[in-house]
Amino acid sequence: MKYLKHSFGLIVLLVAVLCSFSLAAEISVEDDFGNRLALEKPAQRIISLAPNITEVLFHIGAGEQIVGADEYSNYPEQAKGIMRVNNHAAANYELILSLQPDLVIAWQSGNGDKIINRIRLLGIPVFVIETRSLEDIPNLFTRFGVLSGHVENARQKAESFSQRLSLLRDQNSAKPEVRTFYQIWDEPLITLNGKHMVSSVIELCGGRNIFADAIPLVPYVNIESVVAADPQVIIAGGSKEEKPHWFNRWRKWGKISAVRDEHVYLIGADLMQRHSVRILDGAELMCDYLQRAREE
């Protein structure tokens, strides 16, 4: 009887130890809306619902764990071979289920409640992000690192991003302000207000978004309001290789300082509008273009 009691005691102790180990091993990370997501182990089958998410996962070393992505995930090159499961307006829920993900990462502004809530109803763990500032991006790296099991690599990437961001800020913080207009589209003429991260990039470089005070995040403006604000620099989303057909139309507005002084430039939209590591590549171009206007 004494032996049985002793054996039972050992079993209880062993169960308690195993339970405490299981709890200690559990991954728990808070998303950008205060929701805490718990996983028993790092996710090995991840679905990314936005290109910025895909880029960050690849950047921290978790690219091979992505089994599904949105149709705009085009960077790095390996991302183009991932199964497409959604776009900005809809998702293929049957396909998502068939891929047996243990984690879906969504972007609130890009995916919306309809898609996110539907995936949650399928019983799949969902982690939702809404990155608001450049300073938030390193924290995004570290959280994705915990969720995917790339903690140390993500920490190093976060530190590198923070150092690069600090250097850009130090280099431009004391420079004269440059009035800047950022153009998304031509007809209608569309820009971004001060709450968008693109405006943070402009400010980082010592610029001032001429439509920072507009109420919508994505304002529709007219050419008369641009002329009245008289930007010293105009930045349009695009590249020399894929120059928008409307880029050269600015030439007829010679009264605008940016047009008169030939400070109308292109920066790839992917570099400016995706909340990932490459936004600092776009920032470096932005800072260079604003500095050219100062040196006139």
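Q: In this predicted model, what makes helix α5 roughly antiparallel to helix α6?
A: The axes of α5 (residues 137-148) and α6 (residues 151-172) come within 8 Å and cross at roughly 175°. Angles over 145 degrees count as roughly antiparallel, so α5 is roughly antiparallel to α6.

Q: Which residues of α5 and α6 meet?
A: From α5 come Ile137, Pro138, Phe141, Thr142, Gly145 and Val146. They meet Val151, Ala154, Arg155, Lys157, Ala158, Phe161 and Ser162 of α6. The residues of this contact divide into eight nonpolar, three polar and two charged.

Q: Why do strands β8 and β12 count as a pair?
A: Pairing needs at least two bridges. Four bridges join β8 (residues 178-183) to β12 (residues 233-237), so the two strands pair. They run parallel, and Tyr182 has Ile235 in β12 as its bridge partner.

Q: What makes β10 and β13 edge strands?
A: The open sheet has four strands in the order β10-β8-β12-β13. Both β10 (207-209) and β13 (264-267) pair on one side only.

Q: Which helix lies across β8, β10, β12 and β13?
A: Helix α11 (residues 279-294) lies across these strands, running at about 170° to β13.

Q: How much space lies in the largest pocket, and which residues are closest to its centre?
A: The largest pocket holds about 710 Å³ of space. Of its 28 lining residues, Trp107, Gly110, His196, Gln273 and Arg274 are the closest to the centre.

Note on methods: Residues numbered from 1 in each chain as written. Predicted model: local features only at pLDDT ≥ 70, side-chain atom pairs only at ≥ 80, totals over all residues. Heavy atoms only, no water. Axes fitted to C-alpha atoms, helices over the stretch in contact; angles between N-to-C directions. Parallel < 35°, antiparallel > 145°, perpendicular 65-115°, else oblique. Contact = heavy atoms within 4.5 Å. Nonpolar A, V, L, I, M, F, W, Y, C, P; charged D, E, K, R; others polar. 1 Å grid on protein atoms, 1.4 Å probe; cavity = no way out; pocket = protein on both sides within 12 Å on 5 of 7 lines; lining within 4 Å. Points joined across faces, edges and corners; volume = space filled by probe spheres on them.
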